[in-house]
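Let's take a walk through this model together. Have the sequence and the coordinates open as you read.

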Amino acid sequence: MSAIVVDHHPTPELLQRLGVQRWPIWTKEVSTFPWTYDEQETCYILAGRVTVTPDGGEPVRIGAGDLVTFPAGMSCTWEVTEPIRKHYHFGPLP
């Protein structure tokens, strides 16, 4: 299975090309919960911090300004340490 891919410094040009500003927004308070990705998700973190730990894998820390891709089929645990606000897109990117 693929790993979580984090781009800590996506360029404004990349974000524009992907159409990130048109993606829906999701928010979540400080919490811990399990999650499974039925399909690939790409998200851009607008605010907050989270540690995502794939089942049997190493924790990945994500925060504001990160562009993140989660692979289809991955099960993980989300630990939201600062309330999250993100744009998100399921499925392949344009």
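Predicted model: local features only at pLDDT ≥ 70, side-chain atom pairs only at ≥ 80, totals over all residues.

Residues are numbered from 1 along each chain as its sequence is written, and side-chain values use heavy atoms, with hydrogens and water left out.

Start in the middle of things, with the largest nonpolar core. By nonpolar core we mean a set of buried Ala, Val, Leu, Ile, Met, Phe, Trp, Tyr and Cys residues joined through side-chain atoms within 4.5 Å; buried is under 20% relative accessible area, exposed is over 50%, and partly exposed is in between (1.4 Å probe, protein chains only). The largest core has 16 residues, and the members touching the most others are Ile4, Val50, Val52, Ile62, Phe70, Met74 and Trp78. At least two core residues come from each of β4 (41–54), β5 (60–63), β6 (67–70) and β7 (75–90). Strands here are DSSP runs (E, at least two residues), numbered from the N terminus. Zoom in on Phe70: leaving aside residues up to four places away in sequence, its contacts (heavy atoms within 4.5 Å) include Ile4, Val52, Ile62 and Trp78, along with Tyr37 and Cys43. There's also a second, separate core of seven residues, with Leu14, Leu15, Leu18 and Trp23 among them. In soluble globular proteins, nonpolar side chains tend to be buried together.

Now for the cysteines. How many disulfides does the structure hold? Zero, taking a disulfide as a pair of cysteine sulfur atoms within 2.5 Å. The sulfur of Cys43 has its closest cysteine sulfur in Cys76, 11 Å away, so that is too far for a bond.

Ser31 counts as buried, at 17% relative accessibility. A polar atom of the Ser31 side chain sits 3.0 Å from the backbone oxygen of Glu29, and Ser31 also touches Trp78, Glu79 and Val80, again skipping residues up to four places away in sequence.

Finish at His89, which is in strand β7 and counts as partly exposed at 22% relative accessibility. With the sequence neighbours up to four places away left out, His89 touches Trp23, Gln40, Glu41 and Thr42. A polar atom of the His89 side chain is 3.1 Å from the backbone oxygen of Pro92.

How values were computed:
Polar contact = N/O pair within 3.5 Å; in protein donor to acceptor, adjacent residues only side chain to side chain. Helix = DSSP H or I, 4+ residues; strand = E, 2+ residues; numbered from the N terminus.
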